[in-house]
Amino acid sequence: MSPVAAAPVDDVLDALFLPLEEGALRLPANARVLFLRARDGFRLREMAKPGWRCEQSFKPFAEALARSRLSVDAQIDDERFDLVLVLPPRQREEARATFARAVQLAAPGGVVLACVPNAEGSKSAQADLAALAMQGGHLSKHKCRVFWTAPLDGTHDAERIAQWLELDTPRRNAAGYWSRPGLFAWDRIDAASALLARHLPGDLTGHVADLGMGYGYLASEVIARCPGVTALDGFEAEQRALVCAHQNLAEAQAGAGRHVAVTLHWHDVTAGLPGRYDAIVSNPPFHQGRADQPELGRAFIAAAAHALKPDGQLWLVANRHLPYEATLAAHFAEVRTVADEGGFKVITARGVRA
């Protein structure tokens, strides 16, 4: 068995467990514990007991939890728990649906415990949880607010819980694509992706991959615009997006009047790709929080270069300021900017360097 990597320091995780450390909350012996939106960190490794379960739909975080030998699944609905821990997402509709699931998954007498940084709307998040179930208390640490419900005794707001659970149901966005809150550009077509779609050549053929496909807009455009494409693999780190992508790609095939062999992968692209492709399209992510992380885009470019066939081509779009050119030049013999408008650049590259 491989050794466990050093645990990252995480102030939000540290604050989350404050009520348990200070005795404001006490767990029964052999308590059943579920951690929604769990992420690896020193405090979790220190606190977790055998039998604790983690739910995480973002592949890199799920894999980090698994490497720490914690039980992790993309979604858990098969048990009720004495304590449900929550690190709610930033998008409010998605966060409300997460709180509703937390209350639903708590056993009678169970407690929901959450933590949010003050700068990310901690008071609003506390008010949302309080709208579902009676408040139990709150504490502060590391510029975070940790708050919890009173033991759930059946008096929680079942009607509101049902309404908030519906917030996470896939729906059509303003552009007609199936999506859901919390996905990238979930309620619209992202302007950068739309720019790339407009410049995609119609003569792409064979087996194509979309890296970081989200709800499937770019992949749908490949099917619509490139009749020579016979197979398409979509790679996405957020498992919640795949249901939407499946629906959108099925509709794209119906609209094009032809079958494309589509395979969707819940996958961290930065870890490399399992296949070989004639072409790759991508609008790479460049942050997992508020700060730019251009190393993510550079890792996508490297993964694409290693997965392309010798005569394959990469088509990507990025914010104009992101420094990808050196990475592209290191991996490809020919790099060309096809468009530069609206703060975005469309780049194509071919001639993979050995």
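Biologist: Which residues line the largest cavity?

Modeller: The largest cavity is lined by Gln126, Leu129, Ala130, Ala133, Met134, Gln135, Gly137, Phe147, Trp148 and Thr149. α6 (122-132), β6 (135-141) and β7 (144-149) each give two or more residues to that lining. Such elements are DSSP runs numbered from the N terminus: helices (H or I, at least four residues) and strands (E, at least two). This is a predicted model: local features need pLDDT of at least 70, side-chain atom pairs count only at pLDDT 80 or more, and totals for chains, interfaces and linings use all residues. Residues are numbered from 1 along each chain as its sequence is written, and side-chain values use heavy atoms, with hydrogens and water left out.

Biologist: What makes a space a cavity, and what makes one a pocket?

Modeller: On a 1 Å grid over the protein atoms alone, a cavity is a set of points where a 1.4 Å probe fits but cannot get out. A pocket is an open set with protein on both sides within 12 Å along at least five of seven lines. Lining residues have an atom within 4 Å of a point. The structure holds two cavities of 30 Å³ or more.

Biologist: How are the residues lining the second largest cavity classed?

Modeller: Seven are nonpolar, one is polar and none is charged. Ala, Val, Leu, Ile, Met, Phe, Trp, Tyr, Cys and Pro count as nonpolar, Asp, Glu, Lys and Arg as charged, and the others, Gly among them, as polar. α11 gives the most to this lining, with three residues.

Biologist: What is the class make-up of the second largest pocket's lining?

Modeller: Five nonpolar, six polar and eight charged. The second largest pocket has a volume of about 350 Å³. Of its 19 lining residues, the closest to its centre are Glu55, Gln75, Arg101, Asp168 and Arg240. α5 brings the largest share of the lining, five residues.

Biologist: Why is α5 called oblique to α6?

Modeller: Their axes come within 10 Å and cross at roughly 40°. Axes are lines fitted to C-alpha atoms, for helices over the stretch in contact, and angles run from 0 to 180 degrees between N-to-C directions. Under 35 degrees counts as roughly parallel, over 145 as roughly antiparallel, 65 to 115 as roughly perpendicular and the rest as oblique. Therefore α5 is oblique to α6.

Terms used:
Grid points are joined across faces, edges and corners, and a volume is the space filled by probe spheres set on the points.
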